[in-house]
Amino acid sequence: MSESSFIQRSVVVTGGSRGIGKAVVERFLAEGHKVAALGPSGKAPEGALGIACDVSDADQIDAAFAQVEQAHGPAEILVANAGITKDTLILRMSDADFDNVLQVNLGGAFRCARRAVKSMLRARWGRIIFTGSVVGLYGSAGQVNYAATKSALIGVARSLTREVGGRGITANVVAPGFIETDMTADLPAEVIAKYQASIPAGRLGGADEVAAAIAFLAGQQAGYISGAVIPVDGGLGMGH
Ligand code: NDP
């Protein structure tokens, strides 16, 4: 596809203030798109529209998407990336630990996709990318809640593909391995060393490497890829 066929899109990234989401926002901005970053802090990289929004609240999502529509037009690309962890072994995991992670990681992704799909159906074009995780299929001790949300996103993307795939809309999951962000910054050095030893690439990944896969799936040329899980994990999950 030639450069002259570039189409500027309205992009929404949840959790776009930091880490992987921030790299995604910066990548889309660099490509020339209009980008909104949604998150509790309302912070966004320079050049993006920052909107305060907790994805566990449907009303806040509705208001945020309305603001995007005003500023940039209806969302054409949604990157449902917001995610939290509340790690502990199952015997110590409270109902609140379980429910909170589900509400943000899975409920938030569902609510944003439901809101975004409305206008995508009208446009007969859309790209939805969920940030999953290698642990969604690999499993992870101490992350029953988190891993459950990440494998569930695959079911969401595949069901969406069956519902709206005939209308020019794709839904995929990008499954990062260990990426250097705030989420992994607190891990003890020995835990990081252990993980690193099991990653064929021999290193942790960069947020920009995840952003590159997401940008590819969001592109015009990825229109025939849907319901896929794309690992960005240095070979850790071996493609599952
Ligand atoms: P960070 O902890 O660096 O950033 C989390 C982001 O999520 C922030 O932008 C934060 O916004 C936002 N967020 C938190 N809670 C909410 C909420 N209730 N509503 C909306 N936004 C919220 O995370 P990462 O960049 O590391 O992770 C991003 C995604 O990638 C997550 O889904 C995570 O599960 C996944 N992932 C990360 C991996 C890693 O190794 N880092 C590996 C595999 C997957 P604010 O700044 O406003 O609080």
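## Elements and the model

Helices, which are H or I runs of at least four residues, and strands, which are E runs of at least two, are taken from DSSP and numbered from the N terminus. The model described here is a predicted one.

## Two residues with positive phi

Arg124 lies in the loop that runs between α3 (95-123) and β5 (126-131), and its phi is near 55 degrees, a positive value in a residue that is not glycine. Because Arg124 has 11 C-beta neighbours inside 10 Å, it counts as exposed, the cut-off for that class being 12 or fewer.

Met238, which belongs to the segment after β7 (229-232), also is not a glycine and has a positive phi of about 50 degrees. With 10 other C-beta atoms within 10 Å, Met238 is therefore exposed.

## The shell around the ligand

The ligand is surrounded by 29 residues, of which the closest are Gly15, Gly19, Gly39, Ser41 and Gly83. At least two residues of this shell come from each of α1 (19-31), α3 and α6 (182-185). By class, the shell consists of 15 polar, ten nonpolar and four charged residues.

## The crossing of α1 and α8

The axes of α1 and helix α8 (residues 207-218) come within 8 Å of each other and cross at roughly 55 degrees, which means that α1 is oblique to α8. This crossing of α1 and α8 is right-handed. Among the residues that make the contact are Gly19, Ile20, Lys22 and Ala23 of α1, together with Ala207, Asp208 and Val210 of α8. Sorted by class, the contact of α1 with α8 has ten nonpolar, four charged and one polar residue.

Conventions. Residues numbered from 1 in each chain as written. Predicted model: local features only at pLDDT ≥ 70, side-chain atom pairs only at ≥ 80, totals over all residues. Buried ≥ 20, exposed ≤ 12 C-beta atoms within 10 Å, placed from the backbone. Near = placed C-beta within 6 Å. Nonpolar A, V, L, I, M, F, W, Y, C, P; charged D, E, K, R; others polar. Axes fitted to C-alpha atoms, helices over the stretch in contact; angles between N-to-C directions. Parallel < 35°, antiparallel > 145°, perpendicular 65-115°, else oblique. Left-handed = near helix turned anticlockwise from the far one by under 90°. Contact = placed C-beta atoms within 7 Å.
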